[in-house]
Amino acid sequence: MLFFVVVARRFGPTGLGDLTVLLMIGSVVGLVFGDLGVNTTLIARMNGAAGATRERIASTGLFWKIVLSALSFALMTAAMRLTVGFGTWPEILAVAVISCGSLWHEFLASLTNGVNRLDAEARFRLVFRAAVYGGGAVICFFLSLVDVLIFMAAAGVLVLGIAFVVLHLHVTPVSGSRILPGFLREAVPVWVTQVAQLTYLKLDVVVLGVLHVAAQEVGWYAAGWKIVDVLTVVPALLAGAVLPLISGALPDTDASAIAPGYLKAMYILPFFFVLPLAIGAQWITHLFFGDAFLGTPAVLGILVWGLVPVSAHAFLATLSIAVRRQSEAAELGAATAVLGIVASVVLVPRLGYQSLAVVSLVANSLFAIAMIYRFRNVTGSTHWALGLKSLVGALAVYGLSQVFARSVPGLMLMVCGTAGYGLALLLLRVVTLQDFGRGWRLAGSLLWDRAAERAGAV
C-alpha cells in the first residue's frame, strides 16, 4: 500500500492509473494462465501426505509452475504491448517480471502452508513484500518510475531465489523429476473459481483501461481500489490458513467442525474493516493521496462494502476444495462472473467509471449468496438471521455517521462508528462477551497453534 501511495504522491493520478493498469494486466494473465489452481490444490494434497508422497506432490507443482510461468511471461508482455497505448519496453518487461515474481511468491508460500508451516510463510511474505514494494517505495523518491520498476523486478528475483533454496533445505524437499498424474485435472475446477473471483474486483482497473476511460478517472478508481485490494488479502490468507485444518490433516479436525463457526465470523468481522473505511473515505483519501484524487472517495465508499461478500465466498471456495466439491464452486463463479463482465461493458460507457464499483459490489454479493446457499449442508445452515442482524447493525451505524459527517472529524467518526457497530452486535445479541474470547482462541488456532476447536468456536 505504501508503494502505491508514494507513486500517487510523486506521479499523480495519471501515473498511478497507468502503472496500476499494467500491473493488473500482469496479475490477470498470471492468474488465468500462470496458476491453473496449482497452489491451492498443492496445499490440500500435501497435508497429511507421507514424506515421499509429499515430495512428489511438491515436485509436480514445481514442474507445472515452471511451464505456466514461461507461458504467462510471454502472454503478459504481449497483452501489455497490444491492449494499452502506454508503457515503454523496459517498463513492460519489468512489470512482467514483477508479475511472474508474484506467481512464484504465492507458489513458495503454498509449499510452506502445505506442510503446515504458517510461521515460515508469514516471514517469507513479509520479506518479499518489504524487499520488492518497500524498497520500491523508498527509491521512488529519487528515481524515475521505469528505474523503480527495474529495481523491483531485480529485488523480486533475488529474494525468490534465496527463499527457494531455504525452503528446499529447511521446510520441504522439492525436485523437478517426478510428476504426479491427475494433478491438473483436480486443479482445473479450482482455477475456474479463482478466475471467476478475479472478475469481481481485481479486473476492475483492467476493464477501465480496455474501455479507454480517461487516465485521470482510472487513477481515481485505482486509488480506491488499491485500498480495498490490500484488505482482500486478509480473507484470502485466513481461508488459506484454514484449508489444512478443514482438509482433515490434523487430529479431530474437519470441515463440519470448523465451517459453521467460520462462516458466522465472516458475517461479522469484515464490518470492522468496512465501516471505518466507508465512514472515513474522504478523510482517508486526503491522507493517503492528497487533493488531486477528487473522485476516489465515492469509489472507495462503494467498493469497500464488497469486503463482506468477498470474505464469505473466499472461505466457501476454499471449503469446496476440502470437501471435493470445487466443480460446484466453479460453476457458480463462472455464471456470476459472466453477468458481471457483461454488466461492466454495458454500463461503464453509459454511466461512467463509478458504475463499475457498483457492478463489482453486486457481483461479489451474488456469488457469495449463491455459495452460501449451495454449501449450507456443510456449514450447518445459511445462518441468514445472524448475517441479517449484522448487516442491519452496520448500515444503521453508517447511516447515523453520515448525519454527523460535517460536524465530527473524520478520524473520530471512524473510531466511534466502529465502536458503535460492536455495541450494536451486543444489543442485537449477535455476539456475547464470551464470543470475543472464543474468536480470539479460534484466531490463535488458525494462526499460531494450528489446531482448531470443534463446532461452537465462534
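Reply: Let's start with the term itself: a nonpolar core is a set of buried Ala, Val, Leu, Ile, Met, Phe, Trp, Tyr and Cys residues joined through side-chain atoms within 4.5 Å. "Buried" means under 20% relative accessible area, exposed means over 50%, and partly exposed is in between (1.4 Å probe, protein chains only). One caution: this is a predicted model, where local features need pLDDT of at least 70, side-chain atom pairs count only at pLDDT 80 or more, and totals for chains, interfaces and linings use all residues. Residues are numbered from 1 along each chain as its sequence is written, and side-chain values use heavy atoms, leaving out hydrogens and water.

Now the core. The largest one has 122 residues, and Phe-3, Tyr-221 and Val-304 touch the most other members. Its largest share, 16 residues, comes from helix α1 (residues 2-34). Helices here are DSSP runs (H or I, at least four residues), strands are E runs of at least two, and numbering goes from the N terminus. The protein has 20 helices and zero strands.

Zoom in on Phe-3. Setting aside neighbours within four places in sequence, Phe-3 is in contact (heavy atoms within 4.5 Å) with Leu-19, Tyr-133, Gly-136, Ala-137, Val-148 and Met-152.

Next along is helix α2 (residues 38-46): eight of its nine residues are buried, so α2 is largely enclosed by the rest of the structure. Among those buried residues are Val-38, Leu-42, Ile-43 and Met-46.

Stepping back, 55% of the protein's 458 residues count as buried.
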